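Dear colleague,

Please find the structure below, handed over for your study. My notes on the site around its ligand follow.

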Amino acid sequence: MSIFQNIQESKIYKNEQALSTEFLPNFLPHRETQIQEIARNLNPLTKGRKPQNTFISGPPGIGKTCVTRFVFRELDEYAGEKVDTVFVNTWDYNTAPALLTKIVIELGYPIPRRGLSKDEIVEKLIEILKRKGKSVVIGLDEIDQLVNKDGTALYDLLRINQYVKTPVGLVMISNYSNIFSNIEPRIKSSLDTQEIGFKGYSLQEMKDILKERCNEAFRTGSVQEGVLLLCGNHAVNRGGDVRVGLECLRKAAKICEKEDNDRILVKHVKEILPSVKKVKLQIMRDRLEGVDKNIVEILKNEKKMVFSDFEEKYNQKHESLSHTSLKKHLDYLEGAGLIRTSETRSGSRGRKSYISLVKRKNF
Ligand SMILES: Nc1ncnc2c1ncn2[C@@H]1O[C@H](COP(=O)(O)OP(=O)(O)OP(=O)(O)O)[C@@H](O)[C@H]1O
Ligand SMILES: [Mg+2]
């Protein structure tokens with residue numbers, strides 16, 4: 001007898017995948033206006049004309065990424081012959097060479113990930129775009145990463161427009177609406193973006209969204225009334241991130257299955273609610289690299305550190321960094337909400353600045 005024979009079908013799930021954060025639904029409630037707006041901006045691409053570059057900003061977990069991926073998918077379906085869509089998360093490709101290489105690969109051309117100079121990659125990209133003769137839209141998610149680490153990367157992308165006749169459009173996404181304030185004016189002016197600010201969902205909207213996901217994920221009748229209200233409320237109270245609501249549903253479903261129940265009950269949700277925290281900061285912390293990661297590691301074991309002590313410790317443990325450079329990383333981490341800084345006057349010795357990690361329980 002096969003070991004698989006006795007494994008029972010889930011009593012509640014019909015498509016568990018639909019509760020994962022990566023799942024891209026066919027219907028995104030309460031984002032119709034934004035979807036239309038982005039589609040209108042990109043529409044010229046379908047006629048070989050230059051689109052309106054777009055910048056999407058707003059707090060975590062409110063549909064910026066999924067809306068953009070949704071529009072790209074629709075565009076692929078509608079005009080795949082004429083338009084290529086490329087979507088890159090710049091957390092993973094945060095320098096010009098890495099990003100440009102990724103775009104070349106996404107356009108379907110194998111290229112070594114390392115070893116080519118930036119100019120060589122740009123040339124290659126231009127050659128490919130000319131050969132394809134298609135319009136292209138490039139989605140740059142979490143673009144603050146790129147702007148922070150390599151502000152010139154955007155310039156390299158924009159430069160391409162001068163060499164190819166077919167249009168290249170950009171859709172950029174960030175949690176922060178002011179990320180372009182520090183980049184060079186020439187880059188800013190040639191970006192010429194229209195900003196679409198996404199706002200958080202109301203409780204009712206959050207419930208509608210979770211309800212749609214439940215309809216995709218669970219068998220009819222397997223969610224007790226009241227479950228959505230609890231999960232939606234928890235998500236709204238924890239920064240409005242839909243991921244929090246999805247996690248509540250997944251965890252409650254797990255308890256339900258463990259009990260061999262065929263309905264997710266309010267009591268299942270109540271049991272797991274305290275364990276569901278804000279998710280975005282943890283996601284970000286897990287993805288930190290290099291200096292940023294080192295900083296968090298040092299602060300993890302300390303309650304609160306005087307800046308000079310911290311600086312000393314950092315430079316002991318790791319390759320030395322200048323004061324300014326360290327400060328820049330700290331500013332970034334503070335802006336992202338991962339660390340806190342404070343200042344006090346301490347008698348005759350003047351100001352002291354302190355840094356501390358934002359603890360998980362406070363997320
Ligand atoms: N209107 C919606 N309908 C259905 N699902 C949604 C909607 N808005 C958000 N979601 C879901 O919530 C989760 C988070 O959304 P998304 O990743 O788009 O957030 P984001 O705004 O890009 O957040 P971040 O700033 O952290 O990147 C995803 O699983 C997404 O499918
Ligand atoms: Mg996102």
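Domain bounds here come from an automatic or database domain assignment. Domain 1 (31-197) and domain 2 (201-279) both contribute residues to the shell around ligand 1, so the ligand lies between them.

This is a predicted model, in which local features need pLDDT of at least 70, side-chain atom pairs count only at pLDDT 80 or more, and totals for chains, interfaces and linings use all residues. Residues are numbered from 1 along each chain as its sequence is written, ligands are numbered from 1 in the order in which they are written, and side-chain values use heavy atoms, without hydrogens and water.

Around ligand 1 there are 20 residues (a heavy atom within 4 Å). Lys64, Thr65, Asn175, Arg243 and Lys280 come nearest.

A polar side-chain atom of Thr65 lies 2.7 Å from an oxygen atom of ligand 1. A backbone N or O atom of Gly61 lies 2.7 Å from an oxygen atom of the ligand, and a polar side-chain atom of Tyr201 lies 2.7 Å from a nitrogen atom of ligand 1.

Yours sincerely

Definitions and conventions
Polar contact = N/O pair within 3.5 Å; in protein donor to acceptor, adjacent residues only side chain to side chain.
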